[in-house]
Amino acid sequence: MQRFYLDDNATTPLDPRVRAAMEPLLGGNLGNASSLHAEGRRARGEIDAARDKIASCLKAKPSEIIFTSGGTESCNLAVQGLAYANEGRGKHLITAKTEHHAVLHAFQALEERKHFEVTYLDVDADGLMDPDDLARAIRPDTILVSIMSANNETGVCQPMREIGAICAQHKILLHTDAIQSAGKEALDLEGWQVSALSLAAHKFHGPLGAGLLWLKGGVPITRLMEGGSHENERRPGTENTVAIAGMAEAFGFYNQVEPTESERQKYWMEKLWQELSSLGGVRRNGHPTQRLPNTLNVSFLGLHGEDLLIALDLAGLAVSSGSACLVGSVQPSHVLAAMGVPSEWASATVRFSIGLHIHDNDLEEVSRRIKQVVYHQRGLRGWTPALQESVYQEALA
């Protein structure tokens with residue numbers, strides 16, 4: 001049975017072109033980038049070239065790129081590092097209730113261990129935060145705001161230009177977790193007026209184990225680890241040269257294809273939603289248009305979340321319920337809860353997310369399998385054929 005991978009927001013398959021760029025570096029003649037011998041200089045050259053390439057794509061300076069082990073480290077370095085470096089000006093921080101746990105848990109740690117005060121902003125039923133709420137929450141001692149550009153569960157894109165303008169007006173640092181945005185929408189450092197931005201390679205068909213923090217020149221940050229002077233003394237530790245080179249290759253490629261690929265993915269997902277909506281007893285979570293083109297978050301009334309995910313997996317469909325950072329468990333989504341999604345809907349929610357590898361002619365088979373699973377699961381939970389037909393006809397009306 002052919003399997004279809006529909007979980008790109010969790011991690012993307014490594015692109016063959018990225019693999020090809022990494023393979024020559026896996027030989028025995030690549031040293032530690034901090035060493036002075038030829039092998040070390042070769043590694044340093046690869047890292048410098050990757051830094052230059054990514055900076056060019058971001059329209060940034062190479063010195064503003066800090067390589068990390070991934071998105072979680074990048075977000076923690078931004079949130080905690082910026083808070084520590086600027087606490088002399090105040091200890092009030094602002095974020096949103098729908099942030100990824102890499103951000104939320106970093107803020108919670110600052111509250112618990114360092115006595116910072118955090119304001120967690122609400123979102124509306126579509127998952128959007130109101131910039132006016134941010135403006136009202138700002139205080140004289142506010143030093144940092146962190147808002148993700150696009151949500152990993154629903155794909156909802158926040159109004160980053162408005163958020164950035166408010167922070168700039170009040171001279172407050174703004175960090176954005178743009179990990180889901182990369183390769184799916186344009187990253188606009190200048191237009192968003194951000195001070196720091198986090199990325200992870202495996203979200204845009206690059207390798208696992210590589211991420212970065214873009215930090216605007218002149219913005220102070222406190223490193224979170226000790227052990228070396230790497231990354232201009234901002235992130236100690238021997239650099240993962242091969243993964244960094246792969247990340248640069250992936251970022252450069254997907255930065256070029258993003259506009260046309262986004263249109264294709266948007267069309268694919270809208271067609272899938274049209275097919276699923278005919279089932280009846282389904283709802284799309286998140287703003288219908290202000291979202292990433294590759295993401296569709298759907299709740300199925302009357303079903304059990306874990307049973308549904310297992311059944312879809314057995315049907316050859318790799319999907320998830322939302323965040324992939326809960327060690328395989330299916331837990332109630334804090335994102336859907338913040339949006340006010342009723343528990344009877346939120347308990348059986350599936351996130352479909354696609355990438356470059358999915359083909360247009362896959363849609364019909366994917367849709368057929370999802371419908372088959374839903375009908376079967378509803379039957380197991382007491383939905384009679386007559387009831388299912390009634391809900392179906394209601395959806396068509």
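S181 sits in the loop that runs between β6 (173-177) and α7 (189-192); helices (H or I, at least four residues) and strands (E, at least two) are DSSP runs, numbered from the N terminus. This is a predicted model, where local features need pLDDT of at least 70 and side-chain atom pairs count only at pLDDT 80 or more, while totals for chains, interfaces and linings use all residues. Residues are numbered from 1 along each chain as its sequence is written, and side-chain values use heavy atoms, with hydrogens and water left out.

With a relative accessible area of 0%, S181 is buried (under 20%; exposed is over 50% and partly exposed in between, with a 1.4 Å probe and protein chains only). Its side chain makes a polar contact of 2.7 Å with that of E185. Here a polar contact is a pair of N or O atoms within 3.5 Å; within protein, one must be able to donate a hydrogen and the other to accept it, and residues adjacent in sequence count only if both atoms are side-chain atoms. Setting aside residues up to four places away in sequence, S181 touches S149, A150, L187 and L292, contact being heavy atoms within 4.5 Å.

H202 lies in the loop between β7 (196-200) and β8 (211-215), and is buried too, at 16% relative accessibility. Its side chain has a polar contact with the side chain of T11 (2.7 Å). Beyond four places in sequence, the contacts of H202 include A10, T12 and P207.

As for rings, the charged end of K91 sits over the ring of F116, 4.6 Å from its centre (NZ of Lys or CZ of Arg within 6 Å of the ring centre and within 35 degrees of the ring normal).
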